[in-house]
Amino acid sequence: MCGIVGYIGFREAYPILIKGLHRLEYRGYDSAGVALINKEDRLSVYKAKGRVQDLEEYAKDKDITGTIGIAHTRWATHGEPSNSNAHPHYSQSESLALIHNGIIENYAVLKAQLIQNGYTFQSSTDTEVLVQLIEYIKKLNNCDLFSAVQIALNQVVGAYAIAVIEKGKPEQIIAARKSSPLVIGVGDGEFFIGSDASPIIEYTNKVIYLDDEEIAIIKRNEEPKIVTIANIEKTHEIKQLEMNLSQLERGGYPHFMLKEIYEQPETLKNCMSGRINIEGTNVTLSGIIDHKEKFINARRIIIIACGTSWHAGLIGEYLFEEFCRIPVEVEYASEFRYRNPVIHPDDIVIAISQSGETADSLAAIELARKAGAFVYGVCNVVGSSIPRNTDSGSYTHCGHEIGVASTKAFTAQVTVLTMMALTIAKEKGSIDNDKYIDTIKELQLIPSKIEKALAANEKIKELSKIFTYAQNFIYLGRGYNYPIALEGALKLKEISYIHAEGYPAAEMKHGPIALIDNEMPVVSIATNSAIYEKVVSNIQEIKARKGCVIAIINEGDETMKSMADRYIEIPATIECLDPLLTAIPLQLLAYHIAVNKNRDVDMPRNLAKSVTVE
Ligand code: M6R
């Protein structure tokens, strides 16, 4: 989704802004732009449809001097990707320039009022309405920019993270947020703005996270002044960023996605670190222990999430029901928020999100909290909106994930959910001690088993060549591996643009089996489980219809080797942890097919890393 970067200080702003835009590219975008105030106090805006390089090309012979500026990558919502719809947007008199993430829902009404007052528009965006409104209010009330922004934001319905600068006022940036993240990086008398920390981390690890409906006045050599739209002054603690610069570099890998797939042994160790004791006899998540009565007495767990995080939630359902004997429902946040769900005060709602900023998940959390449920966040991005709007939670600690297709965040989410289920089950007494310890010990072995699973990479790369031109794929799994079938299909769709469907294998004969012929690759997750024999039968049904079976199997499974057309071997583990291993070859298969098809693996078309609009 859209990205924001800003700078005010003593250095030239343009190189910082451009580098920041490159750092934000992973979020997905279709145009980019920059606004600068030079030393003659002239305000210039340059923008271009396409990539940040297109903007650089366009601006190369322009005046790009100045020590204050704002810049933006746009992911189209209102109006197609184009130069005129790109941000920053000028106000009518070209005295203000504004960048915006989010959606102004009442923009049509505001626009009509502004047109009546003589304003004309150069773009089809909701953002241009906001900058025109600010200028209109400023002139009408003869007030300064901060007051005009404050009045305007009181009239706006919707979500925003904005930064505004004003011609002739090179001493300040005004920034504000509601339901869309905004971070201020605090340097030595200089300040940075980012929609996340990635454009900032190179310069400082000290940050201030703005809260909803807060406006910051940011000036050189002064502490940012923060005031709400209701005019209440706020003070904010300066926080330390956990991220480091190497997480933003590809480190020799051709794509971030491949790097992130390979990081999984390490990220899962980090995720477990400090939570499982060295002997492997105890797991403790403080976010649960601090509220253990709530979990012990929970009537029900409702898991809300979107996309890949929703798939992790489905695995959570199996884990919580098996270990804790608490009924679980897993809901798409986007459906939950609009369907008037029954929520009890003794329900626990678990919100899973890599970014911690997904708009639908945030709205679902708000609904659950209003209904009195206890809300627990499982997020990766430290300090993001979900952890700040939940009662308790656990971070996944897998580091910055840049590839739009989520990989390491998924396995870390499943690991946290496993540790949650074990912690609750122990407190509740719903798991016997041997099973508890066996599961922890096996969980500790998962990072090294993932390393072994990654050794199949070359084989998967070769295999991928055979299937690069397939039109459709079916993924099958059962039990704990049913969500992995869904996740494998999603990975392939996202980055290769091949149509793929995931099914619980036994559902095939209720309809989808009609699709099977010798053109249809069927990826079957056929590792050892309590229902292994049933999976064998499901595969035979596919083979009987001449489907081409690519089986994910345990090392040395001769039965499967003789039955499948192709196979990928991975180490064995206990059933509840199998998804942490079966996910790996499916990530690699999707990756290699996408590379063979010459797709933009890290930034697939139409997708955004962090979906901050509904
Ligand atoms: O940041 P979140 O985990 O809340 O994001 C949810 C989905 O948008 C995300 O998982 C999406 O499906 C990914 N592109 C999957 O690879």
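This is a predicted model: local features need pLDDT of at least 70, side-chain atom pairs count only at pLDDT 80 or more; totals for chains, interfaces and linings use all residues.
1. Residues are numbered from 1 along each chain as its sequence is written, and side-chain values use heavy atoms, leaving out hydrogens and water.

2. Let us start with the ligand. Its shell holds 14 residues, and Ser309, Ser353, Gln354, Thr358 and Glu494 come nearest (a residue is near a molecule if one of its heavy atoms lies within 4 Å of it). By type, the shell divides into 4 nonpolar, 8 polar and 2 charged residues. Here Ala, Val, Leu, Ile, Met, Phe, Trp, Tyr, Cys and Pro count as nonpolar, Asp, Glu, Lys and Arg as charged, and the others, Gly among them, as polar.

3. Where does the shell come from? Helix H10 (307–324) and helix H17 (482–496) each supply at least two of its residues, and H10 gives the most, with 3 residues. Helices (H or I, at least four residues) and strands (E, at least two) are DSSP runs, numbered from the N terminus.

4. Now look at the polar contacts (pairs of N or O atoms within 3.5 Å). A polar side-chain atom of Ser309 sits 2.6 Å from an oxygen atom of the ligand. For Gln354, a polar backbone atom is 2.7 Å from a ligand oxygen, and Ser355 brings a polar side-chain atom to 2.7 Å from an oxygen of the ligand. The ligand taken alone exposes 410 Å², and the protein buries 91% of that (areas come from the Shrake-Rupley method with a 1.4 Å probe).

5. Strand S2 is worth a visit. In S2, 7 of its 7 residues are buried, where buried means under 20% relative accessible area, exposed over 50%, and partly exposed in between (1.4 Å probe, protein chains only). In a regular strand the side chains alternate between the two faces of the sheet. For S2, Ser31, Gly33, Ala35 and Ile37 lie on one side and Ala32, Val34 and Leu36 on the other, and both faces are covered.

6. What does S2 pair with? S2 and S3 run antiparallel over 7 bridges, with Ala35 bridged to Val45 in S3. S2 and S4 also pair in the antiparallel sense over 7 bridges, and here Ile37 has Ile68 as its partner in S4. Two strands pair if DSSP finds at least two bridges between them.

7. Most residues other than glycine have a negative phi, and most peptide bonds are trans. In the hairpin of S2 and S3, with 5 residues between the strands, Asp41 takes a positive phi near 70°; Asp41 is partly exposed at 28% relative accessible area. Ser179, also not a glycine, has a positive phi of about 60° and lies in the loop between strand S8 (169–178) and strand S9 (183–186). A cis peptide bond joins His87 and Pro88, with omega about 0°, and Pro88 belongs to the loop between strand S4 (68–74) and strand S5 (89–90).

8. Finally, the cysteines. How many disulfides does a search of the whole structure find? The search finds 0, a disulfide being a pair of cysteine sulfur atoms within 2.5 Å. The sulfur of Cys324 is 11 Å from the closest cysteine sulfur, in Cys576, so the two are too far apart for a bond. Cys324 is buried, at 0% relative accessible area, and Cys548 counts as buried too, at 16%.

Note on methods
A polar contact is a pair of N or O atoms within 3.5 Å; within protein, one must be able to donate a hydrogen and the other to accept it, and residues adjacent in sequence count only if both atoms are side-chain atoms.
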